[in-house]
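Q: Please take me through the reading of a few local features. I would like the general idea each time, and then the case here.

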Amino acid sequence: MDCLRDGNSSIPKRLLVCPLMSSDKFLTVFTPTFNRAHTLRRLYESLCAQTCKDFEWLVIDDGSTDGTCSLVESFLSDGRISVRYIVKENGGLYTGYNTAYANIGTELNVCVDSDDFMPDNAVELIVKTWRERGTDRYAGIIGLDFYAGTDRPIAGYFPEKMTECYYLDLYIKRIHRGDSKQVMRTDLMKRVTPQIGFDGEKNFNPVYMLLQVCDEYPLLVLNENLCYVDYQNGDSMSGAIFRQYADSPRSFAKQRLLEMSLRRSTFMNNVRLMVHYIASSFLARDKDWLKRTPHKLLAMVCFAPGFLFYRYILYKNVVSYDRADSGSRR
């Protein structure tokens, strides 16, 4: 196969870039991926099995070196569903979201991770819900994630009579504190992209973009399974949170500042966020951390617990390193 070299990845010329194009589809399912060739086929097969085909699949390859390129080439050759494939330099999950939003032309979009997959009727439920209930008043739809291999929703179902909600309320008001699936209006997400990160920091959570949109617009509640989630060990963003705190402190500090500025945040939530912000600022060695926050009195009150949390993060990373080092010598 004729390939171009881009860093450590082999990129077929015809797959290198799929530019933004108008789409006659209603929904884009996009998947940022890095070295997940062993799980991508399961996702692909779940998309091929959808009862509604009014979607396209956009795969954003973050510089994989494990044969992902050849695998997606086979998907394209199959012609079973509409597939677009973009290969980019490795930059972390949020840069994959940036690339996706720059190349999505459908009304709605939803991210399905490369190690997850969709139930057969997920697209049908999304399309039907939005066409029956969707208006410009809503940011999109929020549905359920289920544990893979079960009929059990992560953190349970939404309240039975809830028809709409603000995303942040789910956490702050303890309505639903587990993973869920957000289907977003593309026009709104494009307003808050690209997400600007920091050199050398790849663990900047793309929820940063979602929070900005969902602070202004509620989501339609769909009390149905839209995605099976298969939590992976190792490099998944959902794991090793203390390592992520240490690896990307400026990114976490920026996110905490945003969260404290949201209209729907509460005082008690801001206390928690300030503790995190102070810890991240110490990790980043940011001498101007107090100048950056408009909540200076709260920052002074939270200084001690923030410093203690900073020390705890350091401790957890030392313990994690020692365990890994001990295991490698066995």
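Q: How many disulfides does a search of the whole structure find?

A: A disulfide is a pair of cysteine sulfur atoms within 2.5 Å. The search of the whole structure gives 0. This is a predicted model, in which local features need pLDDT of at least 70 and side-chain atom pairs count only at pLDDT 80 or more, while totals for chains, interfaces and linings use all residues. Residues are numbered from 1 along each chain as its sequence is written, and side-chain values use heavy atoms, with hydrogens and water left out.

Q: Is cysteine 48 buried or exposed?

A: Buried means under 20% relative accessible area, exposed over 50%, and partly exposed in between (1.4 Å probe, protein chains only). Cysteine 48 has 11%, so it is buried. Cysteine 69, at 10%, also counts as buried.

Q: At what angle do the axes of α1 and α2 cross?

A: Two packed helices are described by the angle between their axes and the distance between the axes. Helices (H or I, at least four residues) and strands (E, at least two) are DSSP runs, numbered from the N terminus. Axes are lines fitted to C-alpha atoms, for helices over the stretch in contact, and angles run from 0 to 180 degrees between N-to-C directions. Here α1 (residues 37-48) and α2 (residues 68-78) have axes that come within 9 Å and cross at roughly 20 degrees.

Q: Which residues make the contact of α1 with α2?

A: Contact means heavy atoms within 4.5 Å. From α1 come Ala37, Leu40, Arg41 and Tyr44, and from α2 come Thr68, Leu71, Val72, Ser74, Phe75 and Asp78.

Q: Where is alanine 37, and what does it touch?

A: Alanine 37 is in helix α1 and is buried at 17% relative accessible area. Leaving out residues up to four places away in sequence, alanine 37 touches Asp66, Gly67, Thr68 and Leu71.

Q: Which peptide bond is cis, and what is the phi of asparagine 35?

A: Most residues other than glycine have a negative phi, and most peptide bonds are trans. The bond joining threonine 193 and proline 194 is cis, with omega about 0 degrees. Asparagine 35, in the loop between β3 (27-33) and α1, has a positive phi near 55 degrees.
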